Amino acid sequence: MARCGFPSLLPLLLFGLYLCYLLLGAVIVSLIEQPQERRLREEMRLLKSQLLNLSSCLAQSDLERFLEKVLVADRYGVSVLSNASSKTNWDFASSFFFASTLITTVGYGHTTPVSDGGKAFAIFFAVLGVPLTMLVLTVIAQRLMVLVTYRPIRYCQHRLGYTERQVTRVHFLILLLLVLICFFLIPSAIFSTIERSWSFLDAFYFCFISLTTIGLGDYVPGEQDKQTQRPLYKLSVTFYLLCGITMMLLLIQAFHKAAGLHGITQIFDLPMAEGEEDSEEVGLHPASPCPPLKSNGLKPDHQLQGPSEPPAYESIAPSINR
């Protein structure tokens, strides 16, 4: 009979907390946004009725067909405004920006391919580009991890005499502060200065949505009228996105190391199911021996000692190697 202990209930508890978090977010965002949506809808209806009253020769069906085409064109980044008619969305800088947001999975959606050929190429380009981008950024983050995480921690341990837990905790907080300043606060101040319609909160929101690869597309840099040095600006934003996503990966890896040293990741390390143990004992998988498992992905000399340490796997080795 399967044991029904607390570790076996952790996945269910985690899923329940995750579902509650989603429900709470849905309720809050609905309460905040619905009044604004109703206000905007009433405003649009009032403007539409005023336009029809002023233009007696304009039929409502003709106006709605016109507005529908305008909305479809705007979805592809094409504006009918007179001050935006000469701007193209597919010059080299804009195309480079689109390609970078495509393969980094940021995907603002402000500018999208219109032709079938462009859509087909985007599919094939992303199939190779997304895993290649993740590989490149991960390799860079791992190399940076050695320079900005492992070496400083080892230095403080050996030269200053602090424990690895203490150093890792302080190191993560310092790294978090540096990322916040260099990739969120300073860029937000720059974006709010360049983009005339953006407040500092709008710019910070854009940085967060971009570097977490959410990419809602409600704020896209370089799309305002009479943008000076637009190609250089687009290329600079592309470089910022690549560097920022790399630093976010580095921050996640540093957090994983600190969480492992403090035993947080061990909470969700579940033991092998009894059915899997039985299958190993009767030799259902003779061609795939089980290597020793790691509790938190760290080297043995980095593992925690004490009552929170998981049971040694040497105790189950005889049954596994039968």
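Predicted model: local features only at pLDDT ≥ 70, side-chain atom pairs only at ≥ 80, totals over all residues.

Guide: Let's start with E37, which counts as partly exposed because its relative accessibility is 44%. Here buried means under 20% relative accessible area, exposed means over 50%, and partly exposed lies in between (1.4 Å probe, protein chains only). Residues are numbered from 1 along each chain as its sequence is written, and side-chain values use heavy atoms, with hydrogens and water left out.

Visitor: Which residue does E37 form a salt bridge with?
Guide: Side chains of opposite charge can pair when their charged atoms come close. The rule here asks for a side-chain nitrogen of Lys or Arg within 4 Å of a carboxyl oxygen of Asp or Glu. E37 pairs with R41, and their closest N and O atoms are 3.3 Å apart. Both sit in helix 1 (residues 6-54), four residues apart, or about one turn of the helix. Helices are DSSP runs (H or I, at least four residues), numbered from the N terminus. R41 is partly exposed too, at 37% relative accessibility.

Visitor: How many salt bridges are there by this rule?
Guide: The count comes to five. Another one joins R45 to E42, with 3.4 Å between the closest N and O atoms. R45 and E42 are about one helical turn apart because three residues separate them in helix 1. R45 counts as exposed at 51%, whereas E42 is partly exposed at 47%.

Visitor: And what about E64 and K48, how far apart are their closest N and O atoms?
Guide: In that salt bridge the distance is 2.6 Å. This pair links distant parts of the chain: E64 is in helix 2 (residues 60-75) and K48 in helix 1, 16 residues apart. E64 is partly exposed at 37%, and K48 is partly exposed at 24%.

Visitor: Is T149 buried or exposed?
Guide: T149 is buried, at 1% relative accessibility. You'll find T149 in helix 4 (residues 116-160). Leaving out residues up to four places away in sequence, T149 touches L144, H171, L250, A254 and K257; a contact means heavy atoms within 4.5 Å.

Visitor: Now the aromatic rings. How many pairs does a search of the whole structure find?
Guide: There are 14 aromatic pairs. A pair of aromatic rings is described by the distance of the centres and the angle of the planes. Rings of Phe, Tyr and Trp (its six-membered ring) pair if their centres lie within 6.5 Å; planes under 30 degrees apart are stacked, over 60 edge-to-face, and the rest tilted. F191 and F206 are edge-to-face, at 5.1 Å centre to centre and 85° between the planes. F191 belongs to helix 5 and F206 to helix 6 (residues 200-211), 15 residues apart. Both count as buried, F191 at 6% and F206 at 2%.

Visitor: Why is the pair of F191 and Y233 tilted?
Guide: Their planes are at 55°, so the pair is tilted, with the ring centres 6.5 Å apart. Y233 lies in helix 7 (residues 230-261), 42 residues from F191, and both are buried. Ring pairs also link F191 and Y233 into a cluster whose members include F97, Y108 and W198.

Methods: Helix = DSSP H or I, 4+ residues; strand = E, 2+ residues; numbered from the N terminus.
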